[in-house]
Amino acid sequence: MTKTIKVAVLGAAGRMGATVCRAVEEAADLELVARLDAGDAVDAGSLAGADVAIDFTVPAATEANVHAVLDAGAHAVVGTTGWDDASRGRVVEHLERVNAAQPGQEGLGVLIAPNFGLSAVLAMTFAAKAARYFESAEVVELHHPEKVDAPSGTARHTAAAIARARSEAGLAAMPDATETGVEARGADVDGVRVHAVRLRGLVAHEEILFGNVGEQLVIRQDSFDRASFMPGVLLAVREVVSRPGLTVGLENVLDLS
């Protein structure tokens, strides 16, 4: 018999957190053992024996939450954005310390995903594959006005993957003759311009634009309901328990080769 995975949800009172709680409760192989929100301590007691803690809190709290989860002996699945190389590096160091202290055991894992939507992960993957073939590339992300960070973690992840693919292909910097109004050109993520739209009625959407002389490729992804993220979240929970160390991006647990 498959062992039931015990799950705690951090940020349980939020829109995503509440949706995650319902999805976990409806999954036959998962058990929701704790709901935590702002002001609640994150420790072994409050996690109530969880094997995995899912973090959908806020950027200001998420790193501290992950360290607390590791100290409590649980794996972590993280959907909160705001991570950078430094904060991810600190998690890697913490994982190495915790796992080295328990030789012979499989070890704890952390999976951080900018987006759990399968369509979004596929769009990012397709974009990275296409990037080497186009002279120009830009990213437009569109979200609801309650989103606190811009550009989104998904857009940053997409742009970084495009930039890596372009670099590996030996492509030159993209053409751009802009001299005035540079602020209107969006954020610069590793040389790829990213534009953020915040509009009432939206949930989460991304458009990746590629251009050559005489042709254009548009990759578009739309999430109309937070329920669309749940298959990816549950997949991450099931995978992280057998993946020691840090995994960044849901594409790394999907067979997309």
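Predicted model: local features only at pLDDT ≥ 70, side-chain atom pairs only at ≥ 80, totals over all residues.
**Exercise 1. The largest pocket**

Determine the volume of the largest pocket, and state which residues lie closest to its centre and which helices contribute to its lining.

Solution. 

Step 1. The largest pocket holds about 870 Å³ of space.

Step 2. Its lining consists of 38 residues, and those closest to the centre are M16, F56, T57, G79 and T80.

Step 3. Three helices each give at least two residues to this lining: α1 (15-26), α3 (59-71) and α6 (153-168).

Step 4. Sorted by class, the lining of the largest pocket contains 16 nonpolar, 15 polar and seven charged residues.

**Exercise 2. The second largest pocket**

Describe the second largest pocket by its volume and its lining, and identify the element that supplies the largest share of that lining.

Solution. 

Step 1. The volume of the second largest pocket is about 460 Å³.

Step 2. There are 23 residues in its lining, and W83, R88, G153, R156 and H157 are the ones nearest the centre.

Step 3. Both α4 (85-100) and α6 provide at least two lining residues each. The largest share, six residues, belongs to α6.

Step 4. The class division of this lining is ten nonpolar, six polar and seven charged residues.

**Exercise 3. The cavity**

State how many cavities of 30 Å³ or more are counted, and characterise the lining of the largest cavity.

Solution. 

Step 1. The count gives one cavity of 30 Å³ or more. The volume of the largest cavity is about 50 Å³.

Step 2. The residues that line the largest cavity are N115, A120, E141, H143, S152, T154, A155, A204, H205, E206 and Q221.

Step 3. Two or more of the lining residues come from each of β6 (136-143), α6 and β9 (204-212). Of these elements, β9 makes the largest contribution, with three residues.

Step 4. By class, three residues of the cavity lining are nonpolar, six are polar and two are charged.

**Exercise 4. The packing of α1 and α7**

Decide how α1 and α7 are oriented to each other, and list the residues through which the two helices meet.

Solution. 

Step 1. Two packed helices are described by the angle between their axes and by the distance between those axes.

Step 2. For α1 and α7 (residues 230-240), the angle is about 65° and the axes are 10 Å apart.

Step 3. Angles of 65 to 115 degrees count as roughly perpendicular, and α1 and α7 are therefore roughly perpendicular to each other. The crossing of α1 and α7 is right-handed.

Step 4. On the side of α1, the contact involves M16, T19, V20, A23 and V24, while α7 contributes M230, V233 and L234. By class, this contact comprises seven nonpolar residues, one polar residue and no charged residues.

**Exercise 5. The packing of α5 and α6**

Decide how α5 and α6 are oriented to each other, and describe their contact.

Solution. 

Step 1. The axes of α5 (residues 118-130) and α6 cross at roughly 20° and come within 8 Å.

Step 2. An angle under 35 degrees counts as roughly parallel, and α5 and α6 are therefore roughly parallel to each other. Their crossing is right-handed.

Step 3. From α5, M124, A127 and A128 meet T154, H157, T158, A161, I162 and A165 of α6. The contact of α5 with α6 has six nonpolar, three polar and no charged residues.

**Exercise 6. The packing of α3 and α4**

Carry out the corresponding analysis for α3 and α4.

Solution. 

Step 1. The axes of α3 and α4 come within 10 Å, with a crossing angle of roughly 5°.

Step 2. That angle makes α3 roughly parallel to α4.

Step 3. The contact is formed by E63, V66, H67, L70 and D71 of α3 together with S87, R90, V91, H94, L95 and V98 of α4. By class, the contact has five nonpolar, three polar and three charged residues.

Technical notes
Residues numbered from 1 in each chain as written. Heavy atoms only, no water. 1 Å grid on protein atoms, 1.4 Å probe; cavity = no way out; pocket = protein on both sides within 12 Å on 5 of 7 lines; lining within 4 Å. Points joined across faces, edges and corners; volume = space filled by probe spheres on them. Helix = DSSP H or I, 4+ residues; strand = E, 2+ residues; numbered from the N terminus. Nonpolar A, V, L, I, M, F, W, Y, C, P; charged D, E, K, R; others polar. Axes fitted to C-alpha atoms, helices over the stretch in contact; angles between N-to-C directions. Parallel < 35°, antiparallel > 145°, perpendicular 65-115°, else oblique. Left-handed = near helix turned anticlockwise from the far one by under 90°. Contact = heavy atoms within 4.5 Å.
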